[in-house]
Amino acid sequence: MANKLRTESLCIRGGWKPKNGEPVELPIVQSTTFKYDNSEEMAMLFDLKKEGYFYTRLQNPTNDAVAAKIAALEGGVGAMLTSSGQAANFYAVFNICEAGDHIVASTEIYGGTYNLFGVTMKKLGIDCTFVSQEASEEDIEASFRPNTKLLFGETISNPGCKVLDIEKFARIAHRKGVPLMIDNTFATPINCRPFEWGADIVTHSTTKYMDGHATQVGGCVVDSGNFQWDDYAEKYPGLTSPDESYHGLTYTKTFGKMAYMTKLVAQLMRDLGSIPAPQNSFLLNLGLETLHLRVERHCQNAQRVAEFLGNDPRVAWIDYPGLKDDKCHDLAIKYLPKGSCGVMAFGLKGNRDTAIKFMDSLEMVNIATHVADSRTCVLHPASHTHRQLSEEQLKEAGIAPDLIRLSVGIENVDDILDDIRQALDKAL
Ligand code: PLP
């Protein structure tokens, strides 16, 4: 029964399943270690021959329950929480890449991930080629090399709000014999489940809608269990040949569909250790309990705000996939039939200072380096999140200097509209 629950029920009941007399709310197991009565039992845990807890860097009951809930929401075989979305994307990639490898990613992805792939991972010897997600399949395939290990994109890009053609990306990835990795942060599994469209691995910044209350920074990696690593054994030796750091065990042989997840936890988390605090996972779980309600209201409010901005003559342009004349509207109808998200990008007539004046005139809406939160907030990426990118890189990433990113919250939509209206009146 539990596995057959619908999405809304999984938000509330996935993961933690209290037994008779146990607390209904997920307990916070704020303990680094777990006690055993004999050493043999502990040894079995270290050999991965028995399941159990011994040290929170590897596994913790609170963290695991929340990971299980997200895995169920995405329809994956397993999930691992990380201490941030950045860590999730790093772990997801590094689990199947090493120095000398290459990855292909959409230019549209979040600035932090763009930097991680384009600069920091390069220092580790992993090269990234960025491609336009609107390019033809042939052009994207042309950027693959013999050492390419994965293709990466975001369901809805931050901050450009471009919807990815997931099936197209899946076809390319699978023709090239690599997994498709999708950052599903903005859509959430409420509005899109990328595995149903052929993606193999999904990542999240749980800091965003999943939490929704700006209480914790976190991330998650989910595996579909579908990619056949053994069919490309020479390409993924970390999964398909013995791991000397784990008693010579071969992940695909011992763990089958759980190979990728087991390596992620038993090797990468063991060695790199970016786990979330159980307290944070508890807060994330509270957010997940209302994810389905919040996402629906975010989308309703955002649609009203986008329509208002789209019809205001002071607005030069707006990108929101819910608008009928948006270039991604057809993709949104296909992949996001219930709604896209609460985030939109727009530009005002005038110059860069007009954008700043508008933002500074807002009274209720926050200026915040955050997005996908219950409170409406606004940001100017060229001055804030993406300020490390050159003009050229900004252009490549589709970020106009006048782009304002508005994340519509779940306050009364008329209050949001009133605030935007009065700020526009002051700015223009
Ligand atoms: N992925 C996306 C789509 C994001 O929007 C963000 C942050 O804004 C991240 C990843 C990074 O997540 P975090 O800030 O939790 O490290």
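In α13, the residues N301, R304, V305, F308 and L309 meet V413, D414, I416, L417, I420, R421 and L424 of α17, where contact means heavy atoms within 4.5 Å. Sorted by class, this contact of α13 with α17 holds eight nonpolar, one polar and three charged residues. Here Ala, Val, Leu, Ile, Met, Phe, Trp, Tyr, Cys and Pro count as nonpolar, Asp, Glu, Lys and Arg as charged, and the others, Gly among them, as polar.

A quick word on the ground rules. This is a predicted model, in which local features need pLDDT of at least 70 and side-chain atom pairs count only at pLDDT 80 or more, while totals for chains, interfaces and linings use all residues. Residues are numbered from 1 along each chain as its sequence is written, and side-chain values use heavy atoms, with hydrogens and water left out. Helices (H or I, at least four residues) and strands (E, at least two) are DSSP runs, numbered from the N terminus.

**Two helix pairs**

Helix α17 also packs with α15, and the table puts the two pairs side by side. Axes are lines fitted to C-alpha atoms, for helices over the stretch in contact, and angles run from 0 to 180 degrees between N-to-C directions.

| Pair | Angle | Axes |
|---|---|---|
| α13 (291–311) and α17 | roughly 25° | within 10 Å |
| α15 (352–361) and α17 (413–427) | about 135° | 8 Å apart |

So α13 and α17 are roughly parallel, while α15 and α17 are oblique to each other. The cut-offs are under 35 degrees for roughly parallel, over 145 for roughly antiparallel, 65 to 115 for roughly perpendicular, and oblique for the rest. Helix α15 passes α17 in a right-handed crossing, and α13 passes α17 in a right-handed crossing too. (A crossing is right-handed if the near helix is turned clockwise from the far one by less than a right angle, and left-handed if anticlockwise.)

On the α15 side, T354, K357, F358 and S361 meet I420, Q422, A423, L424, K426 and A427 in α17. That contact divides into five nonpolar, three polar and two charged residues.

**The sheet under α15**

Helix α15 lies across β9 (343–348), β10, β11 and β12 (404–407), at about 125° to β9. These strands belong to an open, mixed sheet of five, ordered β8-β9-β12-β11-β10; strands pair if DSSP finds at least two bridges between them. β8 (315–319) and β10 (366–367) are at the edges with a single partner strand each, so one side of each has no neighbour in the sheet. β10 pairs with β11 (377–379) in the parallel sense over two bridges, and N366 has C377 as its bridge partner.

**The seven-stranded sheet**

Another open sheet, also mixed, has seven strands in the order β1-β7-β6-β5-β4-β2-β3. Its neighbouring strands are turned by 20° against each other on average, direction ignored. Helix α3 (61–74) packs on this sheet, touching β1, β6 and β7, with its direction at about 130° to that of β1. Strands β6 (201–205) and β7 (219–223) run antiparallel and are joined by five bridges, with V202 opposite V222.

**A loop to look at**

Most residues other than glycine have a negative phi, and most peptide bonds are trans. The N158 to P159 peptide bond, though, is cis, with omega near 10°. C161 is not a glycine, yet has a positive phi of about 60°. P159 sits in the loop between β4 (148–154) and α7 (166–175), and C161 is in the loop between β4 and α7 as well.

**Domains**

The domain assignment (automatic or from a database) gives domain 1 (7–287) and domain 2 (291–427). Their C-alpha centres lie 29 Å apart, and the contact takes 38 residues from domain 1 and 40 residues from domain 2.
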